[in-house]
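Colleague: I am new to this model and would like a close look at one part, the surroundings of the ligand. Please take me through them step by step.

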Amino acid sequence: MLNDNLWYPTDKIFINGQWKDCHSKNRLPIENPSNGEVIAEISDSCDIDIDEAVNSASNALNNSWGDLTASERGRLLLKLSELVRNRIDNLAIIESFDVGKPLKQAKSDALALARYFEFYGGASDKIMGETIPYLKDYTVYTLREPHGVTGHIIPWNYPMQIIGRTLGASLAMGNACVLKPSEEACLTALAIGQLANEAGFPEGSINIVTGLGEKSGSSLIKHPDINHISFTGSVEIGKKVQTEAAKNLIPVTLELGGKSPQIVFEDANLEKALPFLINAGIQNAGQTCSASSRILVSKKIYPELIEKMSKLYCKLKVAQAIDDKDLGPVISSRQREIITNYLKLSKDLECISEGKFETNLPEKGYYVLPKLFGNVKYSHRLAQEEIFGPVQVVIPFEDEEDAVKIANSTKYGLVASIWTLDGARQMRVAKAIKSGQVFINNYGAGGGVELPFGGKGYSGHGREKGFEALYGFSTLKTVAALHE
Ligand code: NAD
C-alpha cells in the first residue's frame, strides 16, 4: 500500500521478517464499504503458508527473540508504539477506507494501538513470580513463562485496537505470534509487519498471514505447534475454534459478541447519560462487540427519556467514512443484509426515531439508517440477539429487581452500565449483573487499555487488556527446591 509515510505490500504475507507471495497464488479483493470499490487484493494463504508462519515463530523462540530479556522486549514494544504514533494519520485513513469508519473513530483506534504497545512495553518486565512459604527444607518459587507460539485470529470491526491488545500482551510475555486478520479488513494489520521491521523486532517474532477464515484461520488453529489461540469474533466461529483447540489441548481466549445493556434508573443524570446511551449504540455503525444495543429504563422516566433520545437520534447523519459524520457504512453487503433481515422482525415494534442519510452517498456503499425502537419486550429477538448494526431497543422496567432480571436475560455477558446517583444501588446492581465489565454513570470508561476486558457465557472467556492479559498469555511454573 502506497502512502507518503508508510509503504508495505498488501498482496503479500509477512513471515520471518520478510514479505512473501503465498503458495496458493489466490487473491481476495478488499472493498471500500463507502463505495463498494476494490482498493486492494490480499493473499489467500493455504496450509503451506500457515506452516511456514508457525515454523518461523517456533524458530524465533529458539533464537534471537527467545534470547531477549523482558526489558529488551519492552523496549521493542515502546519503539513500535512510537512508530505507530508517528503514523496515526496514515493508519487512520487506511482503516477508514478499509472498514468504513468515520475518520475520527479510525484515528482514535490508531491512538489506542499506540497506547496498547506502550502499556505492554512498560509492563513486560513487571510481571513477577512469587516465593511460597512451604516445608522447612524447601525453597519454593514460581516462574511466569510464555506459552510459545500464539495464534491470533481477529475480526474486521476494530483491527487496530484488537491487534494492540492481543499482540501487545503476547509479545510482552515473550511469545512469538502468528496473526490472522479478517479477510474483510486487514490492511492496517499488514502495516504492523512493516513497522515491526522498522522497530527492530527479530525475524519470526511477528508473522502476519491473510486469507479466508475457513481455510487459513482453520489451518492455524489445527497446527500442532500452536500453543495458545486468542480468538476475537462471532459465537458461531468461537465454538469451532474452541472445539479444534481442544483436539490439541491448547488454551483459548474467546472474545465474542454481546447484547450489552445500559440501565437507567429514575434518579439518573439524564443530560450526562444521553450521549453515552446513543453513541455506545451507533459507534462504528453499531458493529462493536460491546455496543449498547439495549437501553433499560425505569417506567417512571420512560416518556421523558424517549422524547430526549428521539430528538438526538433524528439528527444522526450517515455518510461516507471520509466525511467523518456520526456513522459510516457497514462493512459489507452481507452485513447490511443481516441487519435488514433483523429489521424485518421489527414490524410489531414502534420505531421511535431514526437518523438521516447524507445526500451524496455512493450507490454502491453499504449504508444503514440507525433506528431506535421503543417499548420493546425483553424477550423479543431484537432484544435478545446480537444484530451488529445501528439498532437500539428501549425496554421499560418496573423496579431494580426487574431491571437486573432483564439485564441478565440474554445468553451474553460482555459489558453493562448503570445510571443512578444512589451509591448503594450502584454497588448492588454492579454485583448482580452478569458481565465482564460494569460501568457506573458512564459507558466504556474511555476504552482504557489498562482495564481487563472479556465476557461471560456467549460473550466468551479469558481476559484481554490490562495486566490480566499478561497472565493469560503466560503459564506458571512452580519450582520446589529441597535443600541439601
Ligand atoms: P467471524 O467469527 O466471522 O470472524 C472472525 C475471524 O475468524 C476472522 O479473521 C475470520 O477470518 C476467522 N474465521 C472464520 N471462520 C473461521 C474458522 N472456521 N476457523 C478459524 N477462523 C475462522 O467474526 P466477524 O464477523 O469478523 O466479527 C464480528 C463478531 O466479532 C461479532 O460477533 C462481534 O461481537 C465479535 N467481536 C468481539 C469482540 C470482543 O472483544 N469481545 C471484539 C470485536 C468483535
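Modeller: In this predicted model, the ligand is surrounded by 29 residues. Arg-165, Glu-183, Ser-234, Leu-256 and Glu-386 are the closest of them. By type, the residues of this shell comprise 14 nonpolar, nine polar and six charged ones.

Next, the elements that supply the shell. At least two of its residues come from each of α6 (159-172), α8 (213-222) and β10 (228-232). The largest share belongs to α8, which gives five residues. In terms of domains, domain 1 (2-257) and domain 2 (261-450) each contribute at least three residues to the shell around the ligand.

As for the site itself, the ligand sits in the largest pocket. Some polar atoms there can be picked out one by one. In the side chain of Glu-183, an N or O atom is 2.6 Å from an oxygen atom of the ligand. Gly-233 takes part through its backbone, where an N or O atom lies 3.3 Å from a ligand oxygen atom. Leu-256 also uses its backbone: a polar atom there is 2.6 Å from a nitrogen atom of the ligand. On its own, the ligand has 860 Å² of accessible area, and the protein covers 92% of this.

Conventions. Residues numbered from 1 in each chain as written. Predicted model: local features only at pLDDT ≥ 70, side-chain atom pairs only at ≥ 80, totals over all residues. Heavy atoms only, no water. Near = heavy atom within 4 Å. Polar contact = N/O pair within 3.5 Å; in protein donor to acceptor, adjacent residues only side chain to side chain. Areas by Shrake-Rupley, 256 points an atom, 1.4 Å probe, with all protein chains shown as cover. 1 Å grid on protein atoms, 1.4 Å probe; cavity = no way out; pocket = protein on both sides within 12 Å on 5 of 7 lines; lining within 4 Å. Sits in = over half its atoms within 2 Å of the grid points. Helix = DSSP H or I, 4+ residues; strand = E, 2+ residues; numbered from the N terminus. Nonpolar A, V, L, I, M, F, W, Y, C, P; charged D, E, K, R; others polar. Domains from an automatic or database assignment.
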